[in-house]
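Please look over the following chain with its side chains displayed.

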Amino acid sequence: MMVALGGQYAYFHRDQLALQAQWRPYLEMMCEIAECDLPPRRELTAIDLTDHAVQSHPQRDGALLITATLLNGAEFPQPFPDVEVVMMDIEQRPVASRRFVPAEYLAGRNPDSLFAAGQEAHLLLEVVDPGSQAVSFEFDFR
């Protein structure tokens, strides 16, 4: 009875458990038998920002254009992350931020597609210019 209870727990919580590397192989075997699906593997720490630049938007006043290149350093494809851009003042305090979902930065590509292992993705982001207080920025992946 305990085995059945454990199996039911694993089946109904498979999405959360599949995010943990130690459980994923067992869940994959379970889903082969039970004909269920698992969410794609995800490792945000394997996504690197390899290139980036911020410039005044060439066509819009009061806006900035951010270009960036992401690299999926994982050994597996994974979902594209949400990209958060935080602009900071000279004392590294946030003065503006914006989060972009894949549908906003994957122009012409399916936002539900997977970010292939070892591949790059080029981003083009438009943001409101926070003014002269913003002297640096950072990216975060969610």
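## Aromatic pairs

F115 counts as buried because its relative accessible area is 1%, where buried means under 20% relative accessible area, exposed over 50% and partly exposed in between, with a 1.4 Å probe and protein chains only. The model is a predicted one, in which local features need pLDDT of at least 70 and side-chain atom pairs count only at pLDDT 80 or more, while totals for chains, interfaces and linings use all residues. Residues are numbered from 1 along each chain as its sequence is written, and side-chain values use heavy atoms, with hydrogens and water left out.

The structure holds 3 aromatic pairs, a pair being rings of Phe, Tyr and Trp (for Trp, its six-membered ring) whose centres lie within 6.5 Å, with planes under 30 degrees apart counted as stacked, over 60 as edge-to-face and the rest as tilted. In one of them, the ring centres of F80 and F115 are 4.7 Å apart and the planes stand at 10°, so this pair is stacked. Because F80 lies in the loop between β3 and β4 and F115 in strand β6 (residues 114–115), the pair ties together parts that are 35 residues apart in sequence; helices (H or I, at least four residues) and strands (E, at least two) are DSSP runs numbered from the N terminus. F80 is buried too, with a relative accessible area of 4%.

F137 and F139 form an edge-to-face aromatic pair, with 5.6 Å from centre to centre and 70° between the planes. F137 is partly exposed at a relative accessible area of 24%, whereas F139, at 14% relative accessibility, counts as buried.

## Salt bridges and a charge over a ring

The count of salt bridges comes to 8, a salt bridge being a side-chain nitrogen of Lys or Arg within 4 Å of a carboxyl oxygen of Asp or Glu. One of them joins the side chains of R99 and D82, at 3.9 Å from N to O. This pair links distant parts of the chain, since R99 belongs to strand β5 (residues 94–100) and D82 to the loop between β3 (78–79) and β4 (83–88), 17 residues apart. R99 is partly exposed, its relative accessible area being 40%.

R93 forms a salt bridge with E91, and the closest N and O atoms are 3.0 Å apart. Here R93 is partly exposed, with a relative accessible area of 46%, while E91 counts as exposed at 53% relative accessibility. The side chains of E104 and R98 also meet in a salt bridge, 2.8 Å from N to O, and both residues are partly exposed, E104 at 40% relative accessibility and R98 with a relative accessible area of 34%. Elsewhere, salt bridges that share partners join E84, D140 and R142 into one network.

R41 lies over the face of F76, at 3.9 Å from the ring centre; a charge sits over a ring if NZ of Lys or CZ of Arg is within 6 Å of the ring centre and within 35 degrees of the ring normal.

## The surroundings of T69

T69 is placed in strand β2 (residues 63–72) and counts as buried, at 7% relative accessibility. Its side chain makes a polar contact with the side chain of H122 at 3.2 Å, where a polar contact is a pair of N or O atoms within 3.5 Å; within protein, one must be able to donate a hydrogen and the other to accept it, and residues adjacent in sequence count only if both atoms are side-chain atoms.

Leaving aside residues up to four places away in sequence, T69 touches D48, L49, T50, D51, E120, A121 and H122, contact meaning heavy atoms within 4.5 Å.
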